[in-house]
Amino acid sequence: IVISIGSNSRDRQWQVEHAIEWLNKHLSGTKTSSIYNSEADNHRDPDYLNAVMTGECKLDFETISKKVKEYETVCGRTPASKLEGNVPMDLDIMMWNGEVVRPVDFAKAYFQQGWNEINGE
């Protein structure tokens, strides 16, 4: 599994660090990029802190997808907060079993920075 982690809230550093800790409880053999700043795609919302994590997951795709979305909600993400440009937590599964499942997001600079770091590029 490859997961993109992001937050643009005031406590974004804490949010990203806490998400990495949480994911480490659900994955094994993880590798995590550094945490880095990215400009919001719309150039209006606050900058994000991002990271990319890879690992092994014993859960099936539907179960881990549900868990990461529940985690986003626990962190304070709501449809209204997203519309307001405040994203306390954004966890996206980018690859599953070697297959890119979010090709548009996979190609974006905010993801590629961490992906390339993990892969030594």
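In helix 5 (residues 109–118), the buried residues are Y110, F111, Q112, G114, W115 and I118, where buried denotes under 20% relative accessible area, exposed over 50%, and partly exposed the range in between (1.4 Å probe, protein chains only). Helices (H or I, at least four residues) and strands (E, at least two) are DSSP runs, numbered from the N terminus. The model is predicted, so that local features need pLDDT of at least 70 and side-chain atom pairs count only at pLDDT 80 or more, whereas totals for chains, interfaces and linings use all residues. Residues are numbered from 1 along each chain as its sequence is written, and side-chain values use heavy atoms, with hydrogens and water left out. The cover over the buried residues of helix 5 includes strand 1, strand 2 (28–32), strand 3 (36–38), strand 4, strand 5 and helix 4 (103–106), contact being defined by heavy atoms within 4.5 Å. Just after helix 5, G120 adopts a positive phi of about 65 degrees.

Helix 4 contains F106, which is classed as buried because its relative accessible area is 16%. Not counting residues up to four places away in sequence, F106 touches M94, M95, V100, F111, Q112 and W115. Between F106 and M95, which are 11 residues apart along the chain, the C-alpha separation is 8.5 Å.

Strand 1 is mostly covered, with 6 of its 6 residues buried. From this strand, V2, S4 and G6 point one way, while I3, I5 and S7 point the other way, and all are buried. Strand pairing requires that DSSP find at least two bridges between the two strands. On this basis strand 1 and strand 4 run antiparallel and are joined by 6 bridges, and I3 has M53 as its bridge partner in strand 4. Strand 1 also pairs with strand 5 in the antiparallel sense, over 5 bridges, with G6 standing opposite D90 of strand 5. When neighbours within four places in sequence are left aside, the contacts of I3 are L23, L27, A51, V52, M53, L91, D92 and I93.

In soluble globular proteins, nonpolar side chains tend to be buried together. A nonpolar core is taken here as a set of buried Ala, Val, Leu, Ile, Met, Phe, Trp, Tyr and Cys residues joined through side-chain atoms within 4.5 Å. The largest such core has 21 residues, of which I1, I3, I5, L23 and L91 touch the most other members. Two or more residues of this core are given by each of strand 1, helix 1, strand 4, helix 2 (61–74) and strand 5, and the largest share, 5 residues, comes from helix 1. A second, separate core comprises 10 residues and includes V2, Y36, M94 and F106.

Q15 is found in helix 1 and is counted as buried because its relative accessibility is 4%. Beyond residues up to four places away in sequence, Q15 touches S7, S9, Y71, C75, P88 and M89. E17 is located in helix 1 (residues 12–26), and is counted as partly exposed because its relative accessibility is 36%. E17 and D45 are 28 residues apart in sequence, and their C-alpha atoms are 21 Å apart in space.

The largest pocket holds about 380 Å³ of space. Among its 22 lining residues, D41, Y48, K82, D90 and Y110 are the closest to its centre. In the grid analysis (1 Å grid over the protein atoms alone, 1.4 Å probe), a pocket is an open set of points with protein on both sides within 12 Å along at least five of seven lines, and lining residues have an atom within 4 Å of a point. Grid points are joined across faces, edges and corners, and a volume is the space filled by probe spheres set on the points. Strand 1 (2–7), strand 4 (48–56) and strand 5 (90–96) each supply at least two residues of the lining, and strand 1 provides the largest share, 3 residues. The lining divides into 5 nonpolar, 6 polar and 11 charged residues, with Ala, Val, Leu, Ile, Met, Phe, Trp, Tyr, Cys and Pro counted as nonpolar, Asp, Glu, Lys and Arg as charged, and the others, Gly among them, as polar.

Positive phi values also occur in loops. H43 has a positive phi of about 60 degrees although it is not a glycine; H43 lies in the loop between strand 3 and strand 4 and is exposed, with a relative accessible area of 58%. N97, likewise not a glycine, has a positive phi of about 50 degrees; N97 is found in the loop between strand 5 and strand 6 (99–100) and is exposed, with a relative accessible area of 69%.
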